[in-house]
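Please read this briefing alongside the displayed sequence and coordinates. It takes up helix packing, then the sheets and strand pairs, and then the domain assignment.

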Amino acid sequence: MSSNWLSLEAALQKALDATPIVTDKETVPLSQASGRIAANDIYAILSVPPWDNSAMDGYAVRTDEVKEDKPLSVQSTITAGMQENAELKSGSAIKIMTGAPIPLGADAVVMVENTRSTEAGVIVTQKPSLGENIRPKAGDIAPNQKLVAKGTRLAPQHLMLLASQGMADVVVIKKIKVGLVATGSELVQPGAALSQAQIYESNRIGVQALLSEYDVDIVDFGIVKDDKDALRNIFTKASDSVDIMVSSGGVSVGEADFVKEIIASLGFIDFWKVAIKPGKPFALGKINTTLFCGLPGNPVSAFVTAKLLVTPIIQKMQGQSDIRPPLAVPATLTTTVKRRPGRRDFQRATMFYDENFNLHVTPFRTQSSGVMTSITSANCLMVIDENSTGLEAGASVPVIPFTLAAPDKAPNLPKANYSTAEKDSE
Ligand SMILES: Nc1nc2c(c(=O)[nH]1)N[C@H]1C(S)=C(S)[C@@H](COP(=O)(O)OP(=O)(O)OC[C@H]3O[C@@H](n4cnc5c(N)ncnc54)[C@H](O)[C@@H]3O)O[C@H]1N2
Ligand code: MOO
């Protein structure tokens, strides 16, 4: 590894150390809170369940009165939502539905399937144990119990929990503003006409979609030419209006790569170059007090550095308490891979299961960071250590899946045909 390249871990640590945490709060309805960060610890107000209630449709009984072939007279029926404080009489049973409050005196509920109805009453065919099918008051949540810790990214299940407490809204960290700009005199906005030597700009849309998963406000600064004044102008504007500015392109050593120089003149470059492939020329700095991330222009490098370096920075800035690296799982390499040591490789690859649920992985045929189909054809990144000179087929290698969906041939999953693609007509 070249001496002026940081390892991914060192780069990430430096980046997170330089990242300020936004503390401004706002109150939003639960319907808009998914993916936002809880700004406070949230405590329970109510018991859940609010009373002892039935876990089954059946009969509330006194266990000591349940005898083989002795009918219990059915006193009444209680359904969930009924406002009645019933009391179970001796020698009786009360018909009860799931969720309804347990009548006073009852100490178990028999499932309807374990009973038989007769003219004389209900006969219990399987004696319940004490407390069977009774969900006790506060068995799930007790008042003052911490429900959600400050810094939690609110997932659907957290929102259900808060709703069960009667809460209609929640205090979250204000959305952070992320500026995006693509640099390059050759770049044209998709939809416009191309002239000679021009290509369509594709990094902003990908980075925007990736970062939008973290519920940020994107401020789009468009495309800027490789021109020092134009770059200075955009970055100065950005420092007044966003929390973090993310650019792509112009961070390597070419004649028109001015981005680092301009950032250094407006603030400073904290580090440049990370020992990863793709994505080596990633730069981190500040424009006045605004954090700056310079992604390399090659589309695959921009995608991988946004995923590996920018998304943890965003999480830290939002006050997320638990920032973790992406999930990596071991897979068996199907082919021999030769490489030059120096950078940790994040090869675009396809992982798949065999009949025994073992995961295998095949790298995409080309690993050039300009080949965008290497990411669209892949379903994971295959990680090879910086010092490795290559791996033999059969070696175990970590892979980072792009999604949590099962790859091909998952043997323990239903064999239904999930594909919605139209079948060839017969
Ligand atoms: N002599 C050296 N040359 C290069 C090195 C090096 O170490 N020494 N590093 C290479 C690596 S690795 C990368 S990655 C690239 C990154 O360079 P830049 O960040 O300066 O990117 P550009 O030169 O501006 O663009 C590279 C490539 O990507 C295309 N591009 C740029 N932006 C976009 C965009 N928004 N949408 C679509 N395509 C984009 C651009 O046209 C170029 O083809 O540098 C290597 N060079
Ligand atoms: O880092 Mo570059 O991204 O190898 O092509």
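In this predicted model, helix H3 crosses helix H6 in the right-handed sense. H3 covers residues 203-212 and H6 covers residues 299-317, and the two pack with their axes 10 Å apart at an angle of about 30°. Because angles under 35 degrees count as roughly parallel, that angle makes H3 roughly parallel to H6.

**Helix packing around H6**

- On the H3 side, the contact with H6 is made by Asn203, Gly206, Val207, Leu210 and Leu211, while H6 contributes Pro299, Ala302, Phe303, Ala306, Lys307, Val310, Thr311 and Ile314.
- Sorted by class, the residues in the contact of H3 with H6 comprise 9 nonpolar, 3 polar and 1 charged.
- Helix H1, which spans residues 8-17, also packs against H6, at an angle of about 30° and with the axes 10 Å apart.
- The angle between these two helices makes H1 roughly parallel to H6, and their crossing is right-handed.
- Leu8, Ala11, Leu12, Ala15 and Leu16 of H1 form this contact together with Leu308, Leu309, Pro312, Ile313 and Lys316 of H6.
- The contact of H1 with H6 contains 9 nonpolar residues, no polar residues and 1 charged residue.

**Packing of H4 and H5**

- Helix H4 (residues 228-241) and helix H5 (residues 259-266) have axes 10 Å apart and pack at an angle of about 50°, which makes H4 oblique to H5.
- The crossing in which H4 passes H5 is right-handed.
- From H4, the residues Lys228, Leu231, Arg232, Phe235, Thr236 and Ser239 meet Val259, Ile262, Ile263 and Leu266 of H5.
- By class, the contact of H4 with H5 is made up of 6 nonpolar, 2 polar and 2 charged residues.

**The sheet of 6 strands**

- An open sheet with mixed pairing is formed by 6 strands, whose order is E16-E13-E17-E21-E20-E18.

- Strand E4 (residues 58-61) pairs with E7 in the antiparallel sense over 4 bridges, with glycine 58 standing opposite methionine 111 in E7.

**Other strand pairs**

- Strand E8 (residues 115-118) and strand E9 (residues 121-124) are joined by 4 bridges in the antiparallel sense, and the two form a hairpin with 2 residues between them.
- In this pair, threonine 118 stands opposite glycine 121 in E9.
- Strand E28 (residues 396-401) pairs with strand E22 (residues 329-333) in the antiparallel sense over 4 bridges, with alanine 331 opposite valine 397 in E28.
- E28 also pairs with strand E26 (residues 380-384), in the antiparallel sense and over 3 bridges, where proline 401 in E28 is the bridge partner of cysteine 380.

**Domain assignment**

- The domain assignment of the chain places residues 8-23 + 175-318 in domain 1 and residues 26-45 + 152-173 in domain 2.
- Between domain 3 and domain 4, the C-alpha centres lie 60 Å apart.

Notes. Residues numbered from 1 in each chain as written. Chains lettered and ligands numbered in written order. Predicted model: local features only at pLDDT ≥ 70, side-chain atom pairs only at ≥ 80, totals over all residues. Pairing = 2+ DSSP bridges. Domains from an automatic or database assignment. Axes fitted to C-alpha atoms, helices over the stretch in contact; angles between N-to-C directions. Parallel < 35°, antiparallel > 145°, perpendicular 65-115°, else oblique. Left-handed = near helix turned anticlockwise from the far one by under 90°. Contact = placed C-beta atoms within 7 Å. Nonpolar A, V, L, I, M, F, W, Y, C, P; charged D, E, K, R; others polar.
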